[in-house]
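Open the model in your viewer and keep the sequence panel beside it. Each stop below tells you what to select and what is there.

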Amino acid sequence: MAQNSAHRPGVKGLIFDEPTLFDLGSSGRKAYSLPSTPIPDADPETLLPADEVRGPVEHLPELTELDVVRHFTRLSQWNFSIDGNFYPLGSCTMKYNPKLNEDMARLPGLSQHHPYAPEALSQGSLQLMFELQEYLKEISGMDAVSLQPAAGAHGEMTGMLVIKACLESRGEKRSKVLMPDSAHGTNPASSALCGYDTVQIPSDAEGLIDMAKLKALMDEDTAAIMLTNPNTLGMFEKNILEITEIVHSKGGLVYCDGANLNALTGVCKVGDTGVDVLHFNLHKTFSTPHGGGGPGAGPVGVKDFLKPFLPVPHIENKKGTYICNYDHPKSIGKVRTFYGNFGVLVRAYTYIRTLGPDGIREACESAVLNANYIKARLKDDYHLPFPGPSLHECVFNDKEQLKHNVKTLDIAKMLIDHGFHPPTVYFPLIVKGALMVEPTESESKETLDQFIHAMKTIAKEAEQNPKSFPDAPILTKVSRPDEARAARQPVLRWKK
Ligand SMILES: *Cc1c(COP(=O)(O)O)cnc(C)c1O
């Protein structure tokens, strides 16, 4: 495919300007036309109690059906989505979500099933949940799984509550949780919500947990370590066996943030590395649309000794009958209404069944290959602060471009003019000016090449024409909003 601007997605063609409905309306237009009926027109005010009658609404737009359909269809096309374009947002695993998953989640027998229906009438849904638990156990090497938590952060909190309940059942009151300085912000938040003080472990020169610091910090007052593997630099914690041994030797537990599981599925079992608790991000690794604030699912996997503390009900198979077992007296209780976000569970189940063991391994390997392809092709254009081997994502920064006064934010904004969603920026916090790229396995080589071409063009532009950056993006409806003010003083009302 030619790599010129005509082939950049999203920068050419029919992107419509769209006024508000209020500006579109014209008095007397209607969105329906119905045949007349013999029922006489009645004045609602004479039929309804006074407090049910709405007062007059000023400026209500009057529109035809076509006005309305075009308006909302056009607005929907302003949304950036994985169905429309490449979305290399690091740490978020914005992979393509096969439409088959959506079909299955919408099967009436699943989508219309009431959560209060008796177990005897819910065998199919319970079987699906039970089997999903089994698949997640197999993929992760953990011994038991709860599907209840509604997102990754919620899974973290659930996992930390499980750890706390276990330690308390042993009569232990520990006050601290260790975590690397590259941790996702939800990690300290989850451990703080469970009443723990967070102690940071600095990263070493390679971007991994500093082993000497870990040994010095780990003590009998430490409940757990929360780590991410591969970490937020996309790097595998190669000392993971020694790390888990050090923590266990002082009676602590090991929590693994599994949001980056896409880099391990089918290749490495987290449970074999000494991890006691792991959360999954079904909406990342197992393909559910996310990023727009929609529902996710953050199941938690644990080792056998922690199983009694998992949320109730446990979904169990009792001689071929699937049951919701509430009889687990040590459980931390429920963390979510009913059984979690069931529709997300159906999508993950479908995805796992569609790919099978070989497909899951291949997806992981392709995700790693794609990230390493981008890393290799861009390493001469953008600085790699941690150049060691990495897996499913790679983290550049703006060190080279800063020489021309072009910052990470400018690069991200300029990418929009090239038709790409920017990568994650300024995270992880240990990398100044980070640009974190995660292509996922879904993307073709052509798409990766277009992205690489855009990034190279931008690097060249930063050298030759750095003055063009403060204005970017210029091909969007809005160029550079004041992001703080847009969030703090949103204008949500139409004013004439
Ligand atoms: C996405 C992510 C989380 C949080 O997951 P949510 O589902 O967004 O709550 C936690 N840790 C890491 C490393 C992540 O990438």
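Domain bounds here come from an automatic or database domain assignment. By that assignment, the chain is divided into domain 1 (100-354) and domain 2 (364-487). This is a predicted model, in which local features need pLDDT of at least 70 and side-chain atom pairs count only at pLDDT 80 or more, while totals for chains, interfaces and linings use all residues. Residues are numbered from 1 along each chain as its sequence is written, and side-chain values use heavy atoms, with hydrogens and water left out.

**Stop 1: the two domains**

Colour the domains separately. Their C-alpha centres lie 31 Å apart. Contact means heavy atoms within 4.5 Å. By that cut-off, 23 residues of domain 1 are in contact with 18 residues of domain 2.

**Stop 2**

Helices (H or I, at least four residues) and strands (E, at least two) are DSSP runs, numbered from the N terminus. Two strands pair if DSSP finds at least two bridges between them. Select the open sheet of seven strands, ordered 1-7-6-5-4-2-3, with mixed pairing. Strand 1 (144-146) and strand 3 (197-201) stand at the edges; each has a single partner strand, so one side of each is left without a neighbour in the sheet. On average, neighbouring strands of this sheet are turned by 25 degrees against each other, direction ignored. Axes are lines fitted to C-alpha atoms, for helices over the stretch in contact, and angles run from 0 to 180 degrees between N-to-C directions.

Now select strand 4 (residues 222-228) and strand 5 (residues 253-258). They run parallel and are joined by five bridges. A224 stands opposite L253 in strand 5.

**Stop 3**

Go to strands 10, 11 and 12. They form an open, antiparallel sheet in the order 10-12-11. Strand 10 (394-396) and strand 11 (424-425) are the edges, each with a single partner strand, so one side of each is left without a neighbour in the sheet. Three bridges pair strand 10 with strand 12 (residues 435-437). Show V395: its bridge partner in strand 12 is M436.

**Stop 4: the second largest pocket**

On a 1 Å grid over the protein atoms alone, a cavity is a set of points where a 1.4 Å probe fits but cannot get out, and a pocket is an open set with protein on both sides within 12 Å along at least five of seven lines; lining residues have an atom within 4 Å of a point. Grid points are joined across faces, edges and corners, and a volume is the space filled by probe spheres set on the points.

The second largest pocket has a volume of about 420 Å³. Select H113, H114, P115, F338 and Y339: of its 25 lining residues, these lie nearest its centre. Helix 5 (108-111), helix 6 and helix 12 (342-378) each supply at least two residues of the lining.

**Stop 5: two cis bonds**

Finish on the backbone. The peptide bond from N229 to P230 is cis, with omega near -5 degrees. P230 is in the loop between strand 4 and helix 10. Another cis peptide bond joins F427 and P428, with omega about 0 degrees. P428 is in the loop between strand 11 and strand 12.
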